[in-house]
Each structure stands twice: as C-alpha cells, then as structure tokens.
Amino acid sequence: MSETTDSLTIASWNVNSIRARLTNVTDWLTSAAPDVVCLQEIKATEETFPYEAIEAAGYRAHIVGQKSYNGVALLSKVPLDIRLTELPGDPDDPQARYIEAELGDYIVACLYLPNGNPMGSEKYSYKHAWMRRLGARMAEVLQEERPAVFAGDYNIIPEDRDCYDPAAWRDDALFSLASRQEFQALLNLGYYDALRCLTHQAHLYTYWDYTGGAYAKDNGIRIDHLLLSPQATDRLIDCQVDREPRGREKASDHTPIIARLER
DNA sequence: ATGGTCGGCCTCCGA
C-alpha cells in the first residue's frame with residue numbers, strides 16, 4: 001500500500017521479539033510504510049527496546065514493555081497521544097498487553113490477547129476474563145462515536161474458513177466454541193472485522209507455526225484482526241494481509257495485516 | 001515418521 005495524503009494506514013504485527021526481528025521489521029517499515037503500526041510480543045522493556053533503529057526508519061515508538069514475555073508497541077509516523085497503557089478492569093494484572101492512543105479524531109488500540117492454552121487451565125480462564133474486560137473497554141469507546149481501530153493478535157480463529165484444519169483445532173483455546181463466542185460478542189457490540197468487510201481472497205491467514213513446514217504447506221490460521229467501530233468502517237478503503245514478511249529468513253510466525261482508511 | 005521450531009534466558013517456559 002502506498003501513501004496518499006487523504007488516507008491513514010494502520011497495521012498490526014506480532015513480531016515475536018522486536019530484537020530478534022529488528023531488520024525484518026525496519027525493512028518492512030521502509031517498504032510498506034504504514035502510518036501507524038501496532039506491534040505485539042515485543043519481549044522487551046524500555047531499557048532494551050531498539051528505539052534508535054525504529055526512529056531511523058521514520059517512526060516514533062510508544063511501548064508497554066515486559067521482560068521476556070508479551071509487550072506491545074505503537075509506532076507512528078505522525079504524532080499521537082497515548083491515553084491508556086493497560087486494559088481497565090484489573091489493576092493487579094501485571095501482563096503488558098494493551099496500549100491505546102488518539103490520532104486526530106481516530107482512536108487506535110494495540111492489543112495482545114492471551115493465548116489461553118491449555119483448555120481448562122488458569123491461562124484459559126485468564127484469557128476469557130481478559131476478553132470480557134476488552135469487551136467492556138470496546139463498549140466504552142463505542143459511546144464516543146468516533147472512528148476506532150482495535151488492532152492486534154486476538155489469538156482467536158473466528159470461523160472454520162480461517163483455519164487450514166478446523167477439526168484439528170476444535171479443542172484448542174484459539175478455536176474452542178466458548179472462545180469463538182466471546183470473540184463474536186465483541187463484534188455484537190457493533191464492531192466490524194475489517195478483513196471481512198471488503199475482501200474475498202484465498203489467503204487470509206496471518207499465522208503459520210514454525211514446526212513441520214507449516215508455511216510452505218500453507219497450514220495457517222487467521223488470528224490477527226482489526227476490529228473497527230461503525231465510524232471507522234464507514235471510512236474503510238482497503239484491508240490486506242501482507243504475506244511477504246512470513247517468507248523471509250528469521251521470520252516471525254505471524255505476518256502483518258494492514259488497513260487503509262479515509263483520514 | 002509418536003517428532004517437529006522458535007525466543008528469552010538460564011537448563012525450562014510460553015507460543
């Protein structure tokens with residue numbers, strides 16, 4: 001997607017360590033050049049985040065960091081105002097999974113929803129509690145009646161067609177009936193799945209496991225999503241998955257998803 | 001084919 005003056009491009013990418021992925025990320029920032037980039041699993045803190053390299057690529061970085069695990073970042077070519085650095089609803093939650101900003105009249109949230117495996121574990125109940133907190137926040141934002149983009153790794157496969165082998169994933173926390181229902185509840189608030197608004201492409205997956213040559217066999221799943229408020233949906237021009245970074249050396253297991261909206 | 005692959009970090013956990 002090339003830039004135009006009257007549009008805003010917003011991308012989401014789980015990079016699985018910003019330091020291990022640095023050249024892949026800066027190369028992609030230079031070539032794809034989105035205005036705003038939501039990164040997940042940066043696995044870095046303010047002390048270890050490579051601010052200089054990101055700035056050299058033309059982006060200001062705002063991060064919510066954590067050592068070893070999780071961590072989210074908002075990169076932007078244009079100024080934005082951070083207004084939340086944690087998901088409301090549990091002040092004791094120590095995991096770095098949420099950052100929210102304003103950019104003009106837009107609201108942009110970058111989220112890393114818990115994986116939740118194995119089913120029935122404390123991780124699974126944490127995932128579902130986190131999704132209910134996210135729903136409460138998304139309902140609040142909806143009341144502002146502004147264009148809002150909730151971008152991130154949702155760790156949810158919404159439908160059979162978003163998975164190379166639905167039967168194999170039936171009892172996984174990414175595809176359990178309860179997980180899919182909780183994701184549908186987010187849409188039922190009044191949000192739209194950007195990729196499903198405009199396109200009917202063959203390849204919509206955003207993640208391929210590192211094991212077993214999954215990418216070469218296209219054994220993928222679609223778990224990275226951009227959910228849009230009605231006001232953002234009205235401004236949606238295009239939404240694409242960019243598979244190119246997944247095929248490179250030292251790739252993340254996820255690949256970026258990008259939307260273009262009227263500014 | 002009862003395995004397989006990453007990243008961080010410290011010999012295992014999370015994905």
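Tutor: Let's go through some strands and then the DNA. Keep in mind that this is a predicted model.

Student: OK, strand β1, residues 7-14: how many of its residues are buried?

Tutor: Seven of its eight residues are buried, so to speak mostly covered.

Student: And which way do β1 and β14 run?

Tutor: They run antiparallel, with six bridges joining β1 to β14, residues 257-262. In that pairing, Thr-9 stands opposite Arg-260.

Student: How many bridges are there between β1 and β2?

Tutor: Five, and here the pairing is parallel; β2 covers residues 36-40. Ile-10 stands opposite Val-36, and Ala-11 stands opposite Val-37.

Student: What do β1, helix α1 and β2 make together?

Tutor: A right-handed β-α-β unit, with α1 spanning residues 22-32.

Student: Why is β2 largely enclosed?

Tutor: Because five of its five residues are buried. Val-36, Cys-38 and Gln-40 point one way, while Val-37 and Leu-39 point the other way. In a regular strand, side chains alternate between the two faces of the sheet.

Student: Which sense does β2 pair in with β4?

Tutor: Antiparallel, over five bridges, with β4 at residues 72-76.

Student: What classes of residue does the surface near DNA strand B have?

Tutor: Four nonpolar, six polar and five charged residues.

Key: Residues are numbered from 1 along each chain as its sequence is written. Chains are lettered from A and ligands numbered from 1 in the order in which they are written. This is a predicted model: local features need pLDDT of at least 70, side-chain atom pairs count only at pLDDT 80 or more; totals for chains, interfaces and linings use all residues. Ala, Val, Leu, Ile, Met, Phe, Trp, Tyr, Cys and Pro count as nonpolar, Asp, Glu, Lys and Arg as charged, and the others, Gly among them, as polar. A residue is buried if 20 or more other C-beta atoms lie within 10 Å of its own, exposed if 12 or fewer, and partly exposed in between; C-beta atoms are placed from the backbone. Helices (H or I, at least four residues) and strands (E, at least two) are DSSP runs, numbered from the N terminus. Two strands pair if DSSP finds at least two bridges between them. A crossover is right-handed if, with the strands pointing away from the viewer, the path from the first strand over the helix to the second runs clockwise.
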